[in-house]
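Subject: The model we talked about

Hi,

Here is the structure I promised to pass on to you. Please open it alongside this email, and then read on for what turned up.

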Amino acid sequence: MLRTPPDEALVAGRWRRGGGAPAQTLDPATGVPLATVHAVTPDEVAEAAVAAARAAAEPVWRDLLPHLRARLLHRVAALIDDDAEYLAALQTADTGKALTETRALVASAAGTFRYTAAALETAEDALTPSRGPYVTMSVHEPIGVVGAINPWNSPVASDAQKLAPALAAGNAVLLKPAEWTPLVSLALGRLITRALAEHGLPPALLSVLPGPGRVVGDAIVRDPRVGKVVFTGGTATGRALARTAAEKLMPVSLELGGKSPTIVLPDADVEQALAGVMYGIFSSSGQSCIAGSRLFVARALYDDFVGALVERVRKLRVGPGTRPDTQVAPLVHPRHRDSVAAYVDLAREEGARVLCGGAVPEGPEYEGGAYYLPTVLDGLPGTARTCREEIFGPVLVALPYDDEDDLVRQANDSVYGLACGLWTRDHRAAWRIARRIEAGTVWINTYKQFSVSTPFGGMKDSGLGREKGREGIRAYQRQKSLYWGTSTTPLPWAG
């Protein structure tokens, strides 16, 4: 039985009902309301959260030795592990995702805090090569207050990817969860505030501030005391955020949209490629920035491969995330389901063949839920909007290619450059094509595998900066150079 979901905001370390408008969160599988969460107001962001965060970060937290800050991160990881089943069930209820996936996301969140703690304990500053009678050092210091704005598709893992390194770096953090899915972020906030209290640290080091991005997110980004903002979400919002940051001369990190190609070469292991292509687009119901939403198949293999793919896609099990055999869960919200359906209608207008799916599933078990059938389209030119715009749903567009140059041209003909999948037995071709594709991540004979130790981010309109990896902590710090004079000879103007 799911415990009562959290419904209060965490403002400067204190739990309270936000002073803004209420918003109901819905179970995407049934449409039943889960909780009503009141948004915080811009005044609550500025006068309470930001002011208290700045005071909390200095000097106690920023001056705490790294191995002592790491203790907090290790404790958060342990608390996540202890509450893993609740967090997974809450995320399934809030986002609709299958329990198998939300359990993996919760484990990933714990792993992120644990890895970041280890990276923090072993991080080193540098003595740089001297060019004169002095010793030169490069050191890293906290930024102060960081804003973290996250989307609705994988909140607990996305939250950890920002909170762990930002806290490790010595900052206070303002976390703005998505308006549709704030519950697991609030629950994670409870665990972190518990860990802060156990370690005698200021509770205002973390605020979790629900509400609309255009209100709460904007208040965080524009506040002059916020020194950096990290954002995951849509490209249009990212551009607007970057413009505001430019006015402040504030660093930003943006992980934005994608329209990722997944490529099947003529020599690919067909069984492996079929499973990988389906997993790449239909897991998470396609609600993933790195979803392999454009399928490129060698023309000689195209008809047989796409035919076999469609046959298997028709057999995918659509249902609620709580059902153990579900493969394609509901979309996050009825409004988003309608947006996905509108794209498929647009594809029909553009001349697409709907090879399977293309509709809301029928039957009493789907009533009230935000379901959409896994869909495969073909017959479109690469210039069609359906082939170019991010749909963020279980919709795959298949396209043939003639040779490697044609493949690379088509795959790179996109404003996005986030990810790519490549299926081949030829390691030379894999290396050559992977280096030619404009994408931040290329998977070869696998897809959607992640390691917290490996940097992640995009090219082109898919974003700026990188998350994860040992350098992830440094992204939340400022670098400073120190010179220590060693000469006994006075400077030229001495005396």
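Below are my notes, grouped by topic. Please keep in mind throughout that this is a predicted model.

**A strand with both faces covered**

I would start with strand S10, residues 228-232. Of its 5 residues, 5 are buried, so S10 is largely enclosed by the rest of the structure. The side chains of a regular strand alternate between the two faces of the sheet. On one side of S10 sit Lys228, Val230 and Thr232, on the other Val229 and Phe231, and all of them are buried.

The neighbours of S10 are worth a look as well. Strand S7 (residues 145-149) pairs with S10 in the parallel sense, over 4 bridges, and there alanine 148 stands opposite valine 230. Strand S11 (residues 252-255) also runs parallel to S10 and is joined to it by 4 bridges; here valine 229 faces valine 252 as its opposite number. To get from S10 to S11 the chain passes through helix H8 (residues 235-248), and this β-α-β crossover is right-handed.

**Nonpolar cores**

Which residues of the largest nonpolar core touch the most other members? They are Ile80, Phe113, Leu174 and Leu209, in a core of 83 residues. Another core lies apart from the largest one; it has 41 residues, including Ala291, Val297, Leu316 and Val332. As background, nonpolar side chains tend to be buried together in soluble globular proteins.

**Salt bridges**

The count comes to 31 salt bridges.

- Glutamate 101 and lysine 97 form a salt bridge, with their closest N and O atoms 2.9 Å apart. Lysine 97 counts as buried, at 4% relative accessibility.
- Arginine 337 meets aspartate 338 in a salt bridge of 3.0 Å, N to O. Here arginine 337 is buried, with a relative accessible area of 14%, whereas aspartate 338 is partly exposed at 43%.
- Aspartate 405 and arginine 436 meet in a salt bridge of 3.1 Å, N to O. Aspartate 405 belongs to helix H13 (residues 404-412) and arginine 436 to helix H14 (residues 427-436), so this pair ties together parts that are 31 residues apart in sequence. Aspartate 405 is exposed, with a relative accessible area of 51%, and arginine 436 is partly exposed at 34%.

There is also a network: salt bridges with shared partners join Glu58, Arg62, Asp63, Glu141 and Lys480.

**Cysteines**

How many disulfides does the structure hold? The number is 0. Take cysteine 289: the closest cysteine sulfur, in cysteine 420, is 15 Å from its own sulfur, too far for a bond. Cysteine 289 counts as buried, at 14% relative accessibility. Cysteine 356 is likewise in no disulfide, as the nearest cysteine sulfur, that of cysteine 387, is 16 Å away. With a relative accessible area of 6%, cysteine 356 is buried.

**Two buried loop residues**

Is serine 414 buried or exposed? Serine 414 counts as buried, at 12% relative accessibility, and its place is in the loop between H13 and strand S17 (416-417). Leaving out neighbours within four places in sequence, serine 414 is in contact with Lys259, Arg294, Arg388 and Lys460.

Glycine 458 lies in the loop between strand S19 (441-444) and strand S20 (459-460). At 7% relative accessibility, glycine 458 also counts as buried. Beyond its neighbours within four places in sequence, glycine 458 is in contact with Gly417, Leu418, Gly463, Gly465 and Arg466. Glycine 257 is 201 residues away from glycine 458 along the chain, and their C-alpha atoms are separated by 8.7 Å.

Best wishes

Methods
Residues are numbered from 1 along each chain as its sequence is written. This is a predicted model: local features need pLDDT of at least 70, side-chain atom pairs count only at pLDDT 80 or more; totals for chains, interfaces and linings use all residues. Side-chain values use heavy atoms; hydrogens and water are left out. A salt bridge is a side-chain nitrogen of Lys or Arg within 4 Å of a carboxyl oxygen of Asp or Glu. Buried means under 20% relative accessible area, exposed over 50%, partly exposed in between (1.4 Å probe, protein chains only). Two strands pair if DSSP finds at least two bridges between them. A crossover is right-handed if, with the strands pointing away from the viewer, the path from the first strand over the helix to the second runs clockwise. A disulfide is a pair of cysteine sulfur atoms within 2.5 Å. Contact means heavy atoms within 4.5 Å. A nonpolar core is a set of buried Ala, Val, Leu, Ile, Met, Phe, Trp, Tyr and Cys residues joined through side-chain atoms within 4.5 Å.
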